[in-house]
Amino acid sequence: RRVLFRSYRIVVADSRFPRDGRCIEEIGTYDPKAESAITVDAEKAKQWIKNGAQPTDTVRGLLKKANVL
């Protein structure tokens, strides 16, 4: 039996592209099983938000947990 180890990428994507389509930049990862589950490049995240990027509700929660927002 195969065990799935989930991990997620936190990316910057254009809203005009499909959800699983091309991303502009990867700014972090989220691994719900690990102790330090969230790794985010805070400077890149702040820069994208400053330039008008709008995080999803889920990513906004992850950024708050990582003390970026």
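Two strands count as paired if DSSP finds at least two bridges between them. Strands (E, at least two residues) and helices (H or I, at least four residues) are DSSP runs, numbered from the N terminus. The legends below concern a predicted model, in which local features need pLDDT of at least 70 and side-chain atom pairs count only at pLDDT 80 or more, while totals for chains, interfaces and linings use all residues. Residues are numbered from 1 along each chain as its sequence is written, and side-chain values use heavy atoms, with hydrogens and water left out.

**View 1. The open sheet of three strands has the order β1-β2-β3.**
The pairing in this sheet is antiparallel. Because β1 and β3 stand at the edges, each with a single partner strand, one side of each has no neighbour in the sheet. Neighbouring strands are turned by 25° against each other on average, direction ignored; axes here are lines fitted to C-alpha atoms, for helices over the stretch in contact, and angles run from 0 to 180 degrees between N-to-C directions. In general, strands of a sheet pair through backbone hydrogen bonds, either parallel or antiparallel.

**View 2. Bridges join β2 to its partners on either hand.**
Strand β1 (residues 8-12) and strand β2 (residues 25-30) run antiparallel and are joined by five bridges. Here V11 stands opposite E26 of β2. Three bridges connect β2 with strand β3 (residues 38-40), again in the antiparallel sense. Within β3, T39 is the bridge partner of T29, and V40 is that of G28.

**View 3. A salt bridge connects R9 and E26.**
A salt bridge is a side-chain nitrogen of Lys or Arg within 4 Å of a carboxyl oxygen of Asp or Glu. The structure holds four of them. Between the side chains of R9 and E26, the N to O distance is 3.6 Å. R9 lies in strand β1 and E26 in strand β2, so this pair ties together parts that are 17 residues apart in sequence. Relative accessible area describes each residue: buried means under 20%, exposed over 50%, and partly exposed in between (1.4 Å probe, protein chains only). R9 is exposed at 53%, whereas E26 is partly exposed at 38%.

**View 4. Two further salt bridges involve D14 with R16 and D20 with R19.**
The side chains of D14 and R16 meet at 2.7 Å, N to O. D14 is buried, at 19% relative accessibility, but R16 is exposed, at 72%. In the pair of D20 and R19, the closest N and O atoms are 2.9 Å apart. D20 is exposed at 66%, and R19 is exposed at 74%.

**View 5. N67 has a positive phi of about 60° although it is not a glycine.**
Most residues other than glycine have a negative phi. N67 is found in the segment after α2 (57-65). With 67% relative accessibility, N67 counts as exposed.

**View 6. The largest pocket holds about 850 Å³ of space.**
Of the 29 residues that line this pocket, V11, V12, A13, T56 and V59 are the closest to its centre. Grid points are joined across faces, edges and corners, and the volume is the space filled by probe spheres set on them. β1, β2, α1 (42-50) and α2 each supply at least two lining residues, and the largest share, five residues, comes from β1. By class, the lining has 19 nonpolar, five polar and five charged residues. Ala, Val, Leu, Ile, Met, Phe, Trp, Tyr, Cys and Pro count as nonpolar, Asp, Glu, Lys and Arg as charged, and the others, Gly among them, as polar.

Conventions:
1 Å grid on protein atoms, 1.4 Å probe; cavity = no way out; pocket = protein on both sides within 12 Å on 5 of 7 lines; lining within 4 Å.
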